[in-house]
Amino acid sequence: MQSRYKMIVSDMDDTLLNSNHTLSKATQEYLLDLQQQGYYMVLASGRPTEGMFEVADQLQLAHHQSYIISYNGSETMRYHDRKVVDETSISKGNFDEIIDFCRAQDLFILTYVDGEIVYEGQHEYMNIESELTGLPMRKVRDLKEDVTVSVPKVMGVDYVARVTAARQRLGETFNNEIDLTTSKPYFLEFIPSGVSKGNAIQRLAQDLGIAMSEVIAFGDSINDISMLEVAGQGIAMDNARDEVKRIADRTTLSNDEDGIVHALKTVLE
């Protein structure tokens with residue numbers, strides 16, 4: 001390893017994974033080779049932790065003693081022993097307030113408890129998160145009554161125009177303890193204040209003795225902006241939203257064209 005970089009961080013959906021939600025053989029083989037050379041490969045996603053395991057296994061993150069960052073930065077797990085090394089959650093009080101807001105906006109609501117997607121109501125888009133992550137779904141009559149523990153994230157799901165309108169009304173914060181982000185245009189995601197992929201990566205890099213100037217990050221969506229801004233090299237996919245491309249150091253090919261491999265060959269070699 002002769003490059004000045006030591007850590008590669010990537011979003012999953014629409015960045016590392018192609019439009020079929022799979023990891024291409026070319027990208028998989030290239031990233032496995034980089035880890036053999038000594039680079040850290042870290043996954044950072046809005047997905048729930050368990051919804052990242054399949055791809056983490058395909059990249060052999062356990063063998064290389066690397067990490068996964070889930071729920072947009074709410075949880076960081078050391079993958080080889082599944083130890084959570086960094087965690088922030090939404091309190092029961094804030095959870096109930098979020099539920100009341102989503103109900104008032106007629107949003108489909110879901111959260112995560114013990115490896116399950118827990119939800120109430122129904123919607124045309126209700127199964128998308130389960131299809132993306134592979135996690136089972138459990139319907140409850142009343143989320144406020146049935147969920148009594150703190151949770152890492154809550155999502156309001158609806159058609160793009162309605163989610164966009166709600167996000168524009170609220171801005172980037174719901175209250176002084178809860179922030180908002182978007183990984184898909186039909187997901188309105190409520191996360192603890194101060195939680196972001198960028199903040200999680202900064203804490204992880206510090207713990208590993210890696211400077212942020214030695215980190216390369218890849219992303220495509222709003223929730224990736226924080227990590228592209230703090231990384232030494234923030235790289236947007238060609239399929240990324242325009243606001244992501246504007247803050248990136250460079251843009252690579254799309255997620256369907258092995259854009260990560262194309263960029264890393266340029267930056268590292």
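Contact, as the word is used in these legends, means heavy atoms within 4.5 Å. All views show a predicted model.

**View 1. The largest nonpolar core around Leu 43 and Leu 264.** This core holds 31 residues, among which Leu 43 and Leu 264 touch the most other members. At least two core residues come from each of helix H1 (12-16), helix H2 (25-36), strand S2 (40-44), helix H3 (53-58), strand S13 (215-219) and helix H11 (259-268). Helix H11 gives the most, contributing six residues to the core. Apart from its neighbours within four places in sequence, Leu 264 is in contact with Ile 8, Tyr 30, Leu 31, Leu 34, Ile 216, Phe 218 and Glu 269.

**View 2. The crossing of helices H2 and H11.** The axes of the two helices come within 9 Å and cross at roughly 35°. On the H2 side the contact is made by Ala 26, Thr 27, Tyr 30, Leu 31 and Leu 34. Helix H11 meets them with Ile 260, Val 261, Leu 264, Lys 265 and Leu 268. By class, the residues of this contact are eight nonpolar, one polar and one charged.

View 3. Strand S11 (178-181), helix H8 (197-208) and helix H9 (225-230) are the elements that give two or more residues to the lining. The largest share, three residues, comes from S11. Five of the lining residues are nonpolar, seven are polar and four are charged.

**View 4. Leu 135 in the loop between helix H5 and strand S8.** The loop that holds Leu 135 lies between H5 (128-133) and S8 (137-139). Leu 135 counts as buried because its relative accessible area is 6%, and buried means under 20%. When neighbours within four places in sequence are left aside, Leu 135 is in contact with Pro 48, Glu 50, Gly 51, Gly 115, Ile 117 and Ser 130. Leu 135 and Glu 116 are 19 residues apart along the chain, and their C-alpha atoms are separated by 5.9 Å.

Technical notes
Residues numbered from 1 in each chain as written. Predicted model: local features only at pLDDT ≥ 70, side-chain atom pairs only at ≥ 80, totals over all residues. Heavy atoms only, no water. Core = buried A, V, L, I, M, F, W, Y, C linked by side-chain atoms within 4.5 Å. Buried < 20%, exposed > 50% of the residue type's maximum accessible area, 1.4 Å probe, protein only. Helix = DSSP H or I, 4+ residues; strand = E, 2+ residues; numbered from the N terminus. Axes fitted to C-alpha atoms, helices over the stretch in contact; angles between N-to-C directions. Nonpolar A, V, L, I, M, F, W, Y, C, P; charged D, E, K, R; others polar.
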